[in-house]
Amino acid sequence: MLTLFDNGRIEQFLNCITLTPQQMCDDAFVPRIAAMLASFHAVRVDLPREPALFPTIRRWLDMARGLEF
């Protein structure tokens with residue numbers, strides 16, 4: 001594990017390239033993308049599985065509404 005942060009962690013650096021939208025639709029890449037994504041999502045981690053993005057955004061929005069300028 002490289003680092004741990006609220007609601008997530010980074011396991012390792014992936015030495016790779018960023019695919020373009022055209023490459024993501026290419027028949028040569030699609031099966032490889034699916035296999036890599038499936039293996040990534042199959043990793044078992046000892047962390048809460050509840051999503052935190054929207055509750056966090058809602059909390060920030062409530063805080064922002066309380067600000068006065």
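**The cysteine sulfurs**

The sulfur of Cys16 is 18 Å from the closest cysteine sulfur, which belongs to Cys25, and this is too far for a bond. A disulfide is a covalent bond between the sulfur atoms of two cysteines. The structure holds zero disulfides (a disulfide being counted when a pair of cysteine sulfur atoms lies within 2.5 Å).

The model is a predicted one, in which local features need pLDDT of at least 70 and side-chain atom pairs count only at pLDDT 80 or more, while totals for chains, interfaces and linings use all residues. Residues are numbered from 1 along each chain as its sequence is written, and side-chain values use heavy atoms, with hydrogens and water left out.

Cys16 is exposed, its relative accessible area being 58% (exposed means over 50%, buried under 20% and partly exposed in between, with a 1.4 Å probe and protein chains only). Cys25 is exposed as well, with a relative accessible area of 62%.

To place these residues in the chain, the protein has three helices and two strands, arranged along the sequence as β-β-α-α-α (helices are DSSP runs of H or I with at least four residues, strands are runs of E with at least two, and both are numbered from the N terminus). The loop between α1 (21-25) and α2 (30-41) is where Phe29 is found, and Phe29 is partly exposed, with a relative accessible area of 22%. Phe29 and Leu19 are 10 residues apart along the chain, and their C-alpha atoms are separated by 9.2 Å.

Strand β1 (residues 3-5) contains Leu4, which is exposed at a relative accessible area of 52%. Leu4 stands 43 residues from Leu47 in sequence, yet the two are 10 Å apart in space, C-alpha to C-alpha.

Turning to charged side chains, the count comes to one salt bridge (a side-chain nitrogen of Lys or Arg within 4 Å of a carboxyl oxygen of Asp or Glu). The pair is Arg65 with Asp62, whose closest N and O atoms are 3.9 Å apart. Both residues belong to helix α3 (residues 53-65), where Arg65 and Asp62 are three residues apart, about one turn of the helix. Arg65 is exposed, with a relative accessible area of 62%.

For the chain as a whole, the radius of gyration is 18 Å, whereas a compact globule of 69 residues would have one near 11 Å (taken over C-alpha atoms, with a globule rule of 2.2 Å times the number of residues to the power 0.38). The C-alpha trace spans about 55 × 30 × 20 Å along its principal axes. Of the 69 residues in the protein, buried ones make up 3%.
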